[in-house]
Amino acid sequence: MKKLFNSDRFFLAVTIIGAADFALATLIGILSYPGYLSVGLMVGMVVLGLCLIFLHTSYRKHSKNVMKGLLGALLMAGLIFAIECVDADALILPVDKACAPLNIILTVCLFINHFIINSDHHSSPTMVRLNQILCLLLALVWIVWNVVWACVLPDFSVVIATFAIAVGKVCIYAAIVCVESRLDAYRIEREAKGYKA
């Protein structure tokens, strides 16, 4: 798991896939269901896609302050999405009643743990590993959730848009954990050379 989240190819892949999925879901919303997705949601998805791209770019350019701001924005977006999913009106299928609470619990844990990891300048390999596990569990929740919904949704384009949004969300979490993993690896390397802070 450590190699996965430290891989340049994986980080680039989740960036491209996440941004492309949000763009695809927005395009489907505009072309097929202009009344189904709100303008705010569609604009929000475009912004999330751009934030993913800028996060990757800021990491590559070592723009630490920009990267921190983008991490905060993406974490908050993930938390807002998770809160919206527990809306009583949206809990239609039995799978919703299982996956929505799991989604918010895992997202809150990832959110809080991110700030624990970054609360000082020391490495936190155990906490970083925890966020890697939380990311994989979130991916599993979203896969199960969307596979069940795909069986009942009437229109194939809605299925595609729903899957695109789900994969985009998972890519957000993966990109965040990629950055955390890389920064922690840098801290471990720095501490091995004798730097204390």
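Just after α3, H62 takes a positive phi of about 60°. This is a predicted model, and the briefing below moves from that turn to the helices, the core, a pocket and a few single residues. The largest nonpolar core has 49 residues, and α7 supplies the largest share of that core, 14 residues.

- The position of H62 is in the loop between α3 and α4.
- H62 is exposed because its relative accessible area is 72%, and the cut-off for exposed is over 50%.

**Helix α3**

- Helix α3 runs over residues 39–60.
- It has 22 residues, and the distance from its first C-alpha to its last is 32 Å, close to the 32 Å expected at 1.5 Å a residue.
- The buried residues in α3 are M42, M45, L48, G49, C51, L52, L55, H56, S58 and Y59.
- Among the elements that cover these buried residues are α2, α4 and α7.

**Helix α7**

- Helix α7 covers residues 156–192.
- Its 37 residues should span 54 Å at 1.5 Å a residue, and the end C-alpha atoms are 53 Å apart, so the two values agree.
- Just after α7, G194 takes a positive phi of about 105°.

**The largest nonpolar core**

- Which of the 49 core residues touch the most other members? They are L55, L74 and W145.
- At least two residues of this core come from each of α2 (8–31), α3, α4 (64–84), α5, α6 and α7.
- The contribution of α7, 14 residues, is the largest share.
- In soluble globular proteins, nonpolar side chains tend to be buried together.
- Not counting residues up to four places away in sequence, L74 touches L48, C51, L52, L55, I172 and I176.

**V179 and F11**

- V179 lies in helix α7, and F11 is found in helix α2.
- V179 counts as buried because its relative accessibility is 0%, and buried means under 20%.
- F11 also counts as buried, because its relative accessibility is 1%.
- Leaving aside neighbours within four places in sequence, V179 is in contact with F11, L55, M67 and L71.
- V179 and H56 are 123 residues apart in sequence, and their C-alpha atoms are 8.6 Å apart in space.
- F11 and V177 are 166 residues apart in sequence, with 9.3 Å from C-alpha to C-alpha.

**The second largest pocket**

- The volume of the second largest pocket is about 520 Å³.
- Its lining has 20 residues, and those closest to the pocket centre are K64, M67, K68, L183 and R187.
- Two or more lining residues come from each of α3, α4, α5 and α7.
- How many residues of each class are in the lining? There are 6 nonpolar, 7 polar and 7 charged residues.
- M67, one of the residues closest to the centre of this pocket, is also a contact of V179.

**S124, between α5 and α6**

- S124 lies in the loop between α5 (94–117) and α6 (125–150).
- Is S124 buried or exposed? S124 counts as buried because its relative accessibility is 14%, below the cut-off of 20%.
- Leaving aside neighbours within four places in sequence, the contacts of S124 are I117 and D184.

**N6, in α1**

- N6 is placed in helix α1, which covers residues 2–6.
- N6 is partly exposed because its relative accessible area is 26%.
- Not counting residues up to four places away in sequence, N6 touches S181, R182 and A185.
- N6 and F111 are 105 residues apart in sequence and 20 Å apart in space, C-alpha to C-alpha.

Methods
Residues numbered from 1 in each chain as written. Predicted model: local features only at pLDDT ≥ 70, side-chain atom pairs only at ≥ 80, totals over all residues. Heavy atoms only, no water. Helix = DSSP H or I, 4+ residues; strand = E, 2+ residues; numbered from the N terminus. Buried < 20%, exposed > 50% of the residue type's maximum accessible area, 1.4 Å probe, protein only. Contact = heavy atoms within 4.5 Å. Core = buried A, V, L, I, M, F, W, Y, C linked by side-chain atoms within 4.5 Å. 1 Å grid on protein atoms, 1.4 Å probe; cavity = no way out; pocket = protein on both sides within 12 Å on 5 of 7 lines; lining within 4 Å. Points joined across faces, edges and corners; volume = space filled by probe spheres on them. Nonpolar A, V, L, I, M, F, W, Y, C, P; charged D, E, K, R; others polar. Expected span 1.5 Å × (residues − 1).
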